[in-house]
Amino acid sequence: MRVLLVEDDAALADGIARALRAENFAVDIASNGEDGGHLGATEHYDAAILDLGLPRRDGVSVLRDWREADVRLPVLILTARESWSDKVTGFKAGADDYLVKPFRIEELVMRLRALVRRAAGHAANRIICGPLAFDAQLGQFELDGLPLRLTAFEWRVLSCLMLRKGAVVERLELLERVYEGDADVDSNSMEVIIGRLRRKIGRELIETVRGRGYRLTAAPA
Amino acid sequence: MRLIPKSLFWRLLAISTIATLAALIFAAFSIGHVLERFVMRGLDERLDAQIAIVARAVRPDGTVDPALAADLPPFDRPGSGWAWEIRAPRGTARSRSLAGGDLPLPPAIPRGHRRPRENAGEPRPFEADDGQGRRLHYRALTVSVAAGDALIIAAGPREIVERPLREAMLPLLLSLGLLGLGLAAATLVQLRFGLRPLHALRRGLSDVRAGRLRHVDPDQPAELQPLVRELNALIDENAAGLAGARAHLANLAHGIKTPLAALVVELAEPGRDPDGRLRALVARIEDSARHHLGRARAATQSGPRRVATPLAARISDLVAVLARIHAERPIAAEVAIDPAITVACDPQDVDEIAGNLLDNGWRWARGRIAISAARRGAMVDLVIEDDGPGIPEAELDAALQPGRRLDERPGGHGFGLSIARELAELYGGGIVLEKGDLGGLRVRVTLPAPVG
């Protein structure tokens, strides 16, 4: 899972990014509205955390532009503006959630995961695919009822496939959702991660769709 | 007792009444005096003529020549009050009207002022009672002859002067009285008319206060224009001050909350705050910042305004917002509000009041929230009811106290109720907590309905 964090306060942005990375998220930081707006409109993210009082462009107008351009990115507004009228404005502009500063990082993580899960069309917290279970609230995988230990990259790939289980995820899109914007991506690295995952959860669960990407499925075709 | 009335109207009325009365009284006295002198001169001339006639009867040796002491009417009629008397050194004579009696005289005949020489031949006047209740007017002349001084006195009834004087004074006083009434009426009209701009100014100012106007109409009489200019400047300064305070407050909120958020995030990292002591401290700062900033924001509201905010639209927006904020807790919100119901509150304040209360409802409800509103006289009742655990009867009052934390769940803050109450009270409304029919808490917010 890759998240866009648009926040102008460097200390807060770093803190949030560190905390999110510790929870296996890939995080891109934009420190102003213009950059954030551009990134959100052009890259694949699972969610965006958007401050409202941003330099160059206000968060609300960034969000409006995304929605006008049909960017469906789930957006969580994270702001010091706590009046209910501001919240109404934020949601009307197209926000999916709203969190007022200061906040508990656990709540941000929890809300972010819920946002990504709901955006993928899952109403329940627990997503099951054959022997594999994903607690979208806690961000934990289980295999045959036992906790599954994964690296951050493995977790990102598997959670992405899990949220869209049964559907083909394009290889390029999967790469984008796994690596942060400034990462050096080796063209073979995805195959390496998939290989390691297959060793951990079993070969048959992840299906390679030639020329397109990968699919997680409990009943291989 | 204060001598100067507080009211300008009464002050001006008192001044003009006193001045008019003084002028009228002075006019009555001076006209009366002139009239009296005018009428008195006729009497004096008659008495002086008699004195001049009988003065010739005093012979140089001090005796009186009775042939020359001519008795012209009405001095010959007894009881008429007309009379004269000569007191010469060696003889006296008196008018027939006295019928042999003495001319009633006061104990001492006033010597009068020492007159200049050229006036020596002028009789001097005095007045006295004739002993029978009749006022007499006297003229006395001292004539010097070889044998000494002879005193010649003539008297006439004063009544002869007083009757025409009365006859003249009565219509005079009447017309002066009428004049006074006319002046009083003119003063009243003048005061009403003259003070009218002040009343208009007061109405204008109350329009500004009620939000019907932005400024007091500057088209005013010259004397009020500087005042109105100052007032409008004050209104502008007040508005600017309020806007400035709000902006500062927003900046302050942002300035405190962002680093505080960074601090919370840092402290949450593993190993940073093992026993949670620092996080507890930060939570306290957070709570009090949130509380005081919320209160300060409520205090910088512009107060009652003549706005009509449709309640149903605000509530449905807020319900949509809350449904998304609490997306993990599906709550069925039943909104039954007549779209025609409006409240005389700023839309942002309505959002703040209803948002806090609805949020509270969402936190506590098990599955249902019912929202309704009804106009009750000059007020609108907004009722929010949930099917949660409610608040025990004994704690209902305490729940509205500021800083009271009813909700210990993460992300919750217990200040919503007290902020909502402060805002509602700012508008002259209030909040009542009671046990609801759904089993949970029923919050009844009273807000003013628009006037007219």
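## A loop glycine in chain B

B:Gly367 lies in the loop that connects α6 (347-364) and β9 (368-376) of chain B; helices (H or I, at least four residues) and strands (E, at least two) are DSSP runs, numbered from the N terminus. B:Gly367 counts as exposed because it has 12 C-beta neighbours inside 10 Å.

Setting aside neighbours within four places in sequence, B:Gly367 is in contact with B:Ile331, B:Ala332 and B:Asp387, where contact requires C-beta atoms, placed from the backbone, to lie within 7 Å. The C-alpha atoms of B:Gly367 and B:Asp387 are 6.8 Å apart, while the two residues are 20 apart in sequence.

## Basis of the model

The model is predicted: local features need pLDDT of at least 70 and side-chain atom pairs count only at pLDDT 80 or more, whereas totals for chains, interfaces and linings use all residues. Residues are numbered from 1 along each chain as its sequence is written, and chains are lettered from A and ligands numbered from 1 in the order in which they are written.

## Chain B as a whole

Chain B contains 7 helices and 12 strands. Of its 452 residues, 27% are buried. Among its contacts between residues at least 6 apart in sequence, 62% join residues at least 24 apart.

## Interface with chain A

Contacts link 26 residues of chain A to 29 residues of chain B. On the chain A side, α1(A) provides the largest share, 6 residues.

Note on methods. Two residues are in contact if their C-beta atoms, placed from the backbone, lie within 7 Å. A residue is buried if 20 or more other C-beta atoms lie within 10 Å of its own, exposed if 12 or fewer, and partly exposed in between; C-beta atoms are placed from the backbone.
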